[in-house]
Amino acid sequence: MIKPLDLRRFTGFRALTILCLVVLYAPLIIVAIYSFNDSTSITRWGGFSLKWYVDVFTGPDAPKFRNAAINSFTIAIGAATCATIIATAAAVAMNRAGRFRGKVASLALINLPLMVPEIVTAVASLIFFITIGFKTGLMTIFIAHLVFCIPFAYLPISARMQSVPDVYEQAAMDLYATPWEAFRLILLPLMIPGILSGFLLAFIISLDDFLITNFVKGAGIETLPTAIFGSVKQGIKPNIMAISTLLLGVSVVFVTLSWFIGRAGQSKN
Amino acid sequence: MAAAAPAGATRSEIYRGNGPRLMLPVWAFIGIFLVLPVLLMAIYSFLTKEFRGGVIWEITLAAYDQFFLDRGLFGDEPPQIEWTYIGIFWRSIWQAGLATFFCLLIGFPTAWFIATRNAAVRPVWLFLVTIPYWVNLLIRTVSMKFLIRDTGPLNEFLLWLGVISEPLSLINTNFAVQLGLFYSYLPFMVLPVYAAVERYDFALSEAAADLYADNWTTLRLVILPVVKPGIVAGCILVFVPSLGAFLAPDLLGGAKTFMIGSLIEEQFKGAAGNWPFGAAAAMILLTIVLGVLLLHARAQAKGGR
C-alpha cells in the first residue's frame with residue numbers, strides 16, 4: 001500500500017505549507033514578543049518586562065483605551081446578539097419553511113454584506129446617515145455592525161440547522177405542539193452549538209472592524225481599532241504592541257471557543 | 001458540514017407559511033441600511049460638490065467627468081483622457097491580481113498538504129490557518145509594518161545573517177503593499193481550496209497513475225480541473241477585498257502606491273473632500289466587483305463545476 005500514499009505527495013508542498021504558516025504567524029508572534037520589551041526603543045531588546053501592559057491600563061493613554069474598549073465590547077455584544085437573532089429567524093425561513101416568494105432573493109440579500117467591498121459599504125453608510133440626519137456616533141456604528149454581522153452569524157447557524165433532521169419537531173407537532181413550541185422546545189436547544197458559534201463569529205467580526213467604523217463613528221467616538229489606527233499614524237509605540245497583543249488574545253480565545261463548540265455540536269450528531 | 005446533512009432536511013416545511021415573516025428583519029435591516037445607502041450613493045455620484053464636504057442637490061456628470069476626462073486647469077480646453085484615476089484603478093487591479101496569484105501559489109499547496117494529512121491531525125492544521133483568518137486585520141497589518149520597518153526585526157535579522165549590508169527600505173514601496181495584501185488575504189485562499197480538495201476522489205489519481213501519468217501530470221490534467229471551483233472561489237475571495245483594500249496600502253504604502261481604497265477615503269476624510277467624486281469612484285469599484293461576481297455566477301450556472 002505504498003502507492004496511494006505517493007499519489008498524495010508532491011515535493012515541496014510541505015515546505016510551502018510551513019512557509020505559509022511562517023508568513024501568517026511571524027509578524028504576530030514578533031509583535032507579541034516585543035510587547036514584553038523592557039527597552040523604550042521599540043527595536044532593541046532590553047529584557048522582559050510587563051511595563052507596557054501596565055502602561056496600557058494606567059498610562060497617559062489609559063482613559064482613551066478604556067473608553068474605546070468599552071465602546072468596542074458594548075457594540076460587539078449588542079450587534080452580535082441582534083445579528084444572531086435575525087440570522088436564526090432567517091435560517092428557519094430558509095431551511096424549515098418550504099418555498100415562499102422572494103426566497104432566492106432573500107439568500108442573496110443575506111450574503112450581500114459579504115459581496116459589497118467594505119470601503120463601498122463604509123461610504124454608502126456615511127452618506128445615508130448624513131442625508132437622513134442621523135447623528136453619527138455609537139448608534140450608527142451599532143447599526144452598521146449589525147448589518148455586516150448578519151451573514152457571519154447566518155453561515156454556522158444555517159449549516160447546523162441543515163444537519164438537524166426535523167423528525168423531532170414533527171413528533172412534537174404530532175403531539176399537538178404549536179409551531180412556536182416546536183421551535184422553542186425542540187429546535188432551539190438542538191441549535192445551541194450553531195447559534196453560539198454564529199454569535200462568537202459575529203462578535204469577533206464586530207470587534208475587529210476598522211474601515212466601516214472609521215467612517216460612521218463621528219467625532220470623538222473611538223473603538224479599539226480606530227484608537228489603535230490613530231496612534232499608529234503617529235508611529236508604532238510599545239504600548240500599541242501591548243494592546244494589539246491583548247486584542248489578538250481575545251480574538252484567538254473566541255475563535256478557539258467557536259471552533260470547539262462547533263465541533264462538539266457536530267460529534268454529538 | 002453541509003455535505004453531511006441528511007437528504008430532505010433542507011426541504012423541511014415545518015414552519016410553512018412563516019417564511020416571509022421570519023425573513024422580515026433581514027429585509028428590513030439589510031434593505032434599509034445597505035441596499036438603500038448604496039442606491040443613495042449612486043445618486044450622490046451625480047450631484048454637485050459642496051466645498052466643505054457634502055453635496056448640493058443639482059444633477060451633474062461632473063464627478064465622472066473629473067474621473068475620466070482632463071479639461072485643463074480652467075476646464076475650457078478640449079477634453080483629453082485623464083490618466084491619474086484610471087492609473088490608480090489600474091494599479092489596484094494589478095496589485096490585487098498579483099496578490100491573488102501569489103496567494104494561489106502558496107495557498108494551493110498548503111490546502112493540498114492539509115487535506116492529505118490523516119484525519120486525526122487535519123483539524124489542527126486547519127485550525128492553524130483559520131486563526132489568522134479571524135484575527136483583526138488592522139493588527140495584522142500593523143504587525144507587518146513593524147516587521148519590515150527600516151530598523152525592524154526583518155532587517156536586523158538579515159543584517160545579522162550577513163545577507164545584506166544595508167537595511168532594505170521596504171516601507172512605502174509597491175512591494176510592501178503587495179506583501180501586505182498577500183499576507184492579509186492568504187487564509188481566504190487556503191480555506192475554499194481546502195474544502196474542494198477534501199472532496200477530491202483519489203480514485204481519479206489512481207486511474208491516472210494506471211495510465212502512466214506521473215504526479216505532476218495528474219495534478220495538471222486531473223486534479224486542478226476537478227478542484228477548479230474551489231480555486232476560483234478562493235481567487236474571488238482574495239481579489240475582491242484586495243481591490244478595495246485600505247489598510248495595507250495606507251499603512252505599508254505611500255503616495256506612489258495609492259490604491260482605490262485610499263482614493264475614496266480621501267474624498268470623505270481629507271481636506272480635499274469631494275463627496276460626489278468619492279461616490280463615483282466607489283460606484284466604479286462596485287461595478288467592477290459586481291461584474292466579477294456576475295461572471296462567476298454565470299460560469300457556475302452554465303455548469304462550470
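**Entry 1: a helix inside chain B**

I began with α12(B), whose buried residues are Ile260(B), Gly261(B), Ser262(B), Leu263(B), Ile264(B), Glu265(B), Gln267(B) and Phe268(B). For my notes, buried means under 20% relative accessible area, exposed over 50%, and partly exposed in between, with a 1.4 Å probe and protein chains only. Helices (H or I, at least four residues) and strands (E, at least two) are DSSP runs, numbered from the N terminus.

This is a predicted model, in which local features need pLDDT of at least 70 and side-chain atom pairs count only at pLDDT 80 or more, while totals for chains, interfaces and linings use all residues. Residues are numbered from 1 along each chain as its sequence is written, chains are lettered from A and ligands numbered from 1 in the order in which they are written, and side-chain values use heavy atoms, with hydrogens and water left out.

Why do I call α12 of chain B largely enclosed by the rest of the structure? Because 8 of the 10 residues in this helix, which covers residues 260–269, are buried. I then looked up what covers those buried residues, and both chains turned up. From chain A the cover includes α6 (118–131) and α10 (211–216). From chain B it includes α3 (83–115), α10 (228–243), α11 (247–252) and α13 (275–301).

**Entry 2: the nonpolar core**

I next looked up the largest nonpolar core, which has 181 residues. Such a core is a set of buried Ala, Val, Leu, Ile, Met, Phe, Trp, Tyr and Cys residues joined through side-chain atoms within 4.5 Å. The residues with the most contacts inside it are Ile127(A), Phe215(A), Met41(B), Phe108(B), Trp112(B), Ile264(B) and Leu285(B). Ile264(B) is already in my notes as one of the buried residues of α12(B).

**Entry 3: Ser106(A)**

I found Ser106(A) in helix α5 of chain A, residues 103–115. Is it buried or exposed? Ser106(A) is buried, because its relative accessible area is 1%. Its side chain makes a polar contact with the side chain of Trp27(B), at 3.0 Å. A polar contact is a pair of N or O atoms within 3.5 Å; within protein, one must be able to donate a hydrogen and the other to accept it, and residues adjacent in sequence count only if both atoms are side-chain atoms. Apart from neighbours within four places in sequence, Ser106(A) is in contact with Met94(A), Phe100(A), Met23(B) and Trp27(B).

**Entry 4: Ile77(A)**

Ile77(A) sits in helix α4 of chain A, residues 62–96. I noted it as partly exposed, because its relative accessible area is 45%. Ile77(A) touches Phe199(A) and Phe203(A), residues up to four places away in sequence not being counted. I also checked Arg66(A), which is 11 residues from Ile77(A) in sequence and 16 Å from it in space, C-alpha to C-alpha.

**Entry 5: two positive phi angles**

Tyr176(A) is not a glycine, yet its phi is positive, near 70°. I located Tyr176(A) in the loop between α8 (167–174) and α9 (179–208) of chain A. It counts as exposed, because its relative accessibility is 76%.

On chain B, Asn172(B) has a positive phi of about 75°, although it is not a glycine. Asn172(B) lies in the loop between α6 (153–161) and α7 (174–198) of chain B. I put it down as partly exposed, because its relative accessible area is 44%.

How many helices and strands does chain A have? I found 12 helices and 0 strands in chain A, and 13 helices and 4 strands in chain B. Along the principal axes, the C-alpha trace of chain A spans about 70 × 70 × 30 Å, and the C-alpha atoms of chain B fill a box of roughly 75 × 70 × 35 Å.

Of the 269 residues in chain A, 55% are buried; of the 305 in chain B, 49% are. In chain A, 73% of the contacts with a separation of 6 or more involve residues 24 or more positions apart.

Key. Contact means heavy atoms within 4.5 Å.
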